[in-house]
Amino acid sequence: MASTLHSKFSSAIASFKSLSHTRRVVLLGLTAAAAMSIIWLMVWVNTPDFQVLYGNLAQEDAAAVVSRLKAQKIPFEIAAQGRTVLVPAERLYELRLDLASQGLPQGSGVGFEIFDNTKLGMTEFVQNVNYQRALQGELARTIAGFSEVESCRVHIVMPSQSLFLDQEESATASIVLKIREGCQLSQNQIQGIIHLVSSSVSRLAPKDVTVVDNFGKILGRDSESSDMRRVSSDQLEYQVRVEKNLENRIKTMLSTVLGPEKAIVRVSCLMDFRHEEKTAEQYQPDAVAVRSEQYHNSGSAGADASVVDVPLGVDSIDQEERKKKSEPTAGAGSERQSRVVNYEVSKVISHVVEPVGRIKRVSVAVVVDGTYRPSKNAPDDAQTEYVPRSQAELERMEALIKRVVNFDADRGDQVEVANMPFEFRGQPETEETSAFSRWVRWLEPLGMYSKYVIAVLILLFAYRLVVRPVIRWLTASYGGEMDLQVLKQLPMTVKELEDGYGRSSTVGSAASNRALEAITRDRDRSLQLMREWLKEGQAGTPNS
């Protein structure tokens, strides 16, 4: 075994020495490059894939997370000026759960954990200060939970309590927000932050909370202006919602008839957001109703005067009884009767509240594409020719659109339908896209093995495209000079023998043809030459 290795090593050294100086340098450089490449691939494959554990951390939170990772001897990297911590991808979620169980990261500021290590002898003033700090920190952490907020600070001013209610001052608060790049808080979110803080602090009204961003711009302060902005925002959202609803109704109808992406619909609505209440009182003189009736009877000659008041519906009183009462008694001198009737004029009182957000006018613009047919001048069906739609089709579309939007000419509604050719930009192939996404989802779990596959492919390509051609070039001269001598000493194969016999027979047949031609041209000289050859052959033959 040792002798075999020694012989192979000696033959390799001899082969190396037989090379020229240029080939030696190239071979040594190629060997060094291959060794370095293999070492780099091994290091790259064994290097863990780091992913972001936490980003945009405060310095205190970053220090706490790093110290915890060091205690567990977990490899990590720090980026973004110490604000981002990266860990191996296979342990990402495990570490997040572990750190969350320990309350990390805590966020900016300090929370109620400040009371975890309470010291004896702490004064009431220190406790109040710590409580205020903890309240500010907890509110800042809650507000920083918004996806649009990168960081937050809350400042609360708590006035001292007074014995007299009229001398008590209300608390105030200021909130400083750092908005993420490309994000924006809506007015509803700002009002939500204001009410969140005001509800968390006693004696703090929403009007005493000020919100500013990191550029010093006031985002929300007084309630009246905020209410006005909120109303305007709600009105705009309602108008956009009404317009989108009408657009979708028209577009779905046209897409079903014409095909997808064959119509462009735009709707604009003029809205009336006035809040009106109307009270109307109408009298009807033709409709008269009896309100009351009064009868008065009087007599003389000692008869008692009687006054009879009859309410509404007096006709139901028995007429006979009335006559008996009105007849004079014996010895009466005279009698007097009177009747008073009160009438009421009918009236109607109506109280009407107009709805808010009434549509005053609707304007609709629709652009539809025409049809396409194969071009007659084209040799194949690859080219198409645009065919506009007829006026009758456009009129039918316009009539349908008017029905959809409840067209009212009295309020000034307008509907216009135009026919124009669309520019083809290529429609996305949804089936191929979905198939590609399925392949991506299927290959995603295999991503952790991609590094090993890439390393093997790099080695294969390097061997076939670089190493093998260089080795052939280095050994080309050596094989042409030395291997030829070694091959000559080896026995010939059957194929080589056949090739040799074929070549010799071919050469012999050519010589025979030339000899026959020479004998035919000059027979006498040929005969003489053959006699001389025979004599020389007999003379050279030894006697037995």
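1. Val-456 is a residue of helix H11, which spans residues 450–489; helices here are DSSP runs of H or I with at least four residues, strands are DSSP runs of E with at least two, and both are numbered from the N terminus. Val-456 is partly exposed because its relative accessibility is 47%; the class lies between buried, under 20% relative accessible area, and exposed, over 50%, with a 1.4 Å probe and protein chains only.

2. The model is a predicted one, in which local features need pLDDT of at least 70 and side-chain atom pairs count only at pLDDT 80 or more, whereas totals for chains, interfaces and linings use all residues. Residues are numbered from 1 along each chain as its sequence is written, and side-chain values rest on heavy atoms, with hydrogens and water left out.

3. Val-456 belongs to a nonpolar surface patch together with Val-453, Leu-457, Leu-460, Phe-461, Leu-465 and Val-466, and the accessible area of the patch is about 670 Å². A patch of this kind joins nonpolar side chains (Val, Leu, Ile, Met, Phe, Trp, Tyr) within 5 Å, while like charges are joined within 9 Å; its residues have over 30% relative accessible area and no salt bridge. Accessible areas follow the Shrake-Rupley method with a 1.4 Å probe, and for residues only the protein chains shown count as cover.

4. The protein chain contains 13 helices and 15 strands. It has 544 residues, of which 20% count as buried. Its accessible surface is about 40200 Å², and carbon and sulfur atoms account for 56% of that surface. Among contacts between residues at least 6 apart in sequence, 66% connect residues at least 24 apart; a contact means heavy atoms within 4.5 Å.

5. An open, antiparallel sheet is built from 3 strands in the order E1-E3-E2. Its edge strands, E1 (50–54) and E2 (77–79), each pair on one side only. On average, neighbouring strands of the sheet are turned by 40° against each other, direction ignored. Strands E2 and E3 (residues 84–88) are joined by 3 bridges in the antiparallel sense, and strands count as paired if DSSP finds at least two bridges between them. Glu-77 stands opposite Leu-86 of E3.

6. Helix H3 (residues 59–71) packs on this sheet and touches E1, E2 and E3, its direction making about 25° with that of E3. Helix H4 (residues 92–101) lies across E1 and E3 and runs at about 20° to E1. Axes are lines fitted to C-alpha atoms, for helices over the stretch in contact, and angles run from 0 to 180 degrees between N-to-C directions.

7. The count of salt bridges is 13, each defined as a side-chain nitrogen of Lys or Arg within 4 Å of a carboxyl oxygen of Asp or Glu. One of them joins Glu-94 and Arg-91, with an N to O distance of 3.4 Å. Glu-94 is partly exposed at 48% relative accessible area, and Arg-91 is partly exposed at 30%.

8. Arg-141 and Glu-138 form a salt bridge at 3.6 Å, N to O. These two residues are 3 apart in helix H5 (residues 124–144), so about one helical turn separates them.

9. Glu-150 and Lys-178 form a salt bridge whose closest N and O atoms are 3.9 Å apart. Because Glu-150 lies in strand E4 (residues 149–157) and Lys-178 in strand E5 (residues 172–179), this pair ties together parts 28 residues apart in sequence.

10. A network of salt bridges links Asp-272, Arg-274, Glu-276 and Arg-358.
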